[in-house]
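Here is a quick tour of one protein model, going through its charged pairs, its rings and its strands. Have the coordinates open as you read.

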Amino acid sequence: DRGTLPRRPASRIRLFACHRTAGIGVCRLHTSSSSASSKEHYKVLVLGGGTGGIAMSARMKRKLGAENVAIVETSEMHYYQPIWTLVGAGVKSVAASGRPTASVIPPGVKWVKSNVREIDPDTHTVRTDNGMEISYQYLIVALGLQLHYEKIKGLPEIDDWEEFKIGSNYSVQTVEKTWSALQNFKEGNAIFSFPNTPVKCAGAPQKIMYLTDAYLRKTGKRATANVMYNTSLPVLFGIKKYADALWEIVKNRDIQVNLRHNLVEVRANKQEAVFENLDNPGETEVFEYEMLHVTPPMGPSPVIKGSSLADEGGWLDVNKETLQHNKYPNVFGIGDCTNLPTAKTAAAVAAQSSILDRTISKVLKNEKPDTKYDGYTSCPLVTSYSKVILAEFDYSGQPLETFPIDQSKERWTMYQMKADVMPHLYWHGLLKGFWGGPGPIRKILHLGMK
């Protein structure tokens, strides 16, 4: 609630108000609408202009025609967020990660430039902040999740993150501050946090840690640095095969891992970070830092949480195999906003987009959906400026690897794919509705056995 915060520059108001971070979207001006007090109807209405929303808009345009599809989104830039790991480490520029969303929303699809204010699935109606009332035959919810930097005590009051050597690869306003903190590091603790909430790209908080370690070694500062990963989780990584490989890396590189430690406060003037011991609630430990990378607490979209579409936790309640809503058969979900029990990543969205496309095709024919999402997701774990462990797995937590090699090993080829191939695939494949994940490639490479 902005009203409870002290006055601050507009840039910080934008940061500490709850962010929806599905990605960002706006469409071509000749198909846009921002006028108030109007009513419209579409066969398919898409909420959210992030990865899932844009991909499904493209697929629905091909299926039903652009005139039957609309997308609600308020922002004018769309960002490829997976590359922010490399932006924070000085490899890529933040400018290169974004494009005007006018260039990625499918031509002819109606853009409603506003935030979603209310979803009423009982009347098949969505209301927006600009006063529009939009009815739909089918609804695709792709509203992403919220970043809650404001839930960390002391953080909202900090005027200049760079001055206090704080960064975060999770927002466009703070990702470059990570690189600044890394460059300005002298000696002491470099601390990386992981919150006690669901997060998107659960590997990202430790990717920047490995890159920091590599940078400090390259610049001759590692001997006077203590690289520290304080995570709320009871494990280093959720999938044992990859966790075992990562434990070897942190051991060999003298990285300190503190499990069950949750960041609750930042005392910037003292350069101190306060962590709660989750095994002994109420017990805290204070760490001095020379560099602090914050992964903010995250949560569901308030619009979903305040509607009958939500489960008990506030996430969109969908069938984990078909992505169709469990209560409203004309509502579907994709991406970070859903309660799907898999890691929230762009790779997961790609696989989900293919499944959801097939589900909607069946529903349009009054047939039962027959294609099942297996929970496929992927996390390219960047472990240095030239190596990646490509983690791929499913709902069961078992590896579901694309290549017929051991992907738990650090590989140069996987780094090249992360840095250069995947962005191209994102802009020209996924967002255009042509890339539905590596499933077909996996079957070919494994001779049909996976």
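## Salt bridges across the chain

In this predicted model, Lys372 and Glu321 meet through their side chains in a salt bridge, at 3.9 Å from N to O. The two sit in distant parts of the chain, 51 residues apart: Lys372 is in the loop between helix H8 (346-364) and strand S22 (377-382), and Glu321 is in the loop between helix H7 (302-305) and strand S21 (331-333). Lys372 is exposed, with a relative accessible area of 58%, while Glu321 is partly exposed at 31%. The labels work like this: buried means under 20% relative accessible area, exposed means over 50%, and partly exposed is in between, with a 1.4 Å probe and protein chains only. A salt bridge here needs a side-chain nitrogen of Lys or Arg within 4 Å of a carboxyl oxygen of Asp or Glu.

Next up is Lys241 with Glu401, a salt bridge at 3.1 Å, N to O. Lys241 belongs to helix H6 (residues 240-252) and Glu401 to the loop between strand S23 (388-393) and helix H9 (412-430), so this pair ties together parts that are 160 residues apart in sequence. Lys241 is partly exposed at 29% relative accessible area, whereas Glu401 is buried at 3%.

## A charged network

Searching the whole structure turns up 23 salt bridges. Some of them join up: Lys39, Glu118, Arg127 and Glu133 are linked in a network. Within that group, Glu133 bridges to Arg127, with the closest N and O atoms 3.5 Å apart. Glu133 is partly exposed at 26% relative accessibility, and Arg127 is partly exposed at 22%.

## Rings and what sits on them

The whole structure has 10 aromatic pairs. One of these is Phe237 with Tyr242, an edge-to-face pair at 6.4 Å centre to centre and 85° between the planes. To count as a pair, rings of Phe, Tyr and Trp (its six-membered ring) must have centres within 6.5 Å; planes under 30 degrees apart are stacked, over 60 edge-to-face, and the rest tilted. Both partners are tucked away: Phe237 is buried at 8% relative accessible area, and Tyr242 is buried at 0%. Elsewhere, ring pairs link Tyr80, Tyr426 and Trp427 into a cluster.

Lysines also turn up over ring faces. Lys218 lies over the face of Tyr385, 4.5 Å from the ring centre, and Lys344 lies over that of Trp315, at 4.3 Å. The test asks for NZ of Lys or CZ of Arg within 6 Å of the ring centre and within 35 degrees of the ring normal.

## Strands and sheets

An open sheet of 5 strands runs in the order S12-S19-S13-S14-S15, with parallel pairing. Its edge strands are S12 (166-167) and S15 (256-259), each pairing on one side only. Inside the sheet, S13 (residues 188-194) and S14 (residues 225-231) pair in parallel over 7 bridges, and Ile191 stands opposite Met228 in S14. Strands pair if DSSP finds at least two bridges between them; helices (H or I, at least four residues) and strands (E, at least two) are DSSP runs, numbered from the N terminus.

For an antiparallel case, look at S17 (residues 272-277) and S18 (residues 284-288), which pair over 5 bridges. Phe275 has Glu285 in S18 as its bridge partner. The two strands form a hairpin with 6 residues between them, and Gly282 in the turn has a positive phi of about 100°.

## Ground rules

Residues are numbered from 1 along each chain as its sequence is written, and side-chain values use heavy atoms, leaving out hydrogens and water. As this is a predicted model, local features need pLDDT of at least 70 and side-chain atom pairs count only at pLDDT 80 or more, while totals for chains, interfaces and linings use all residues.
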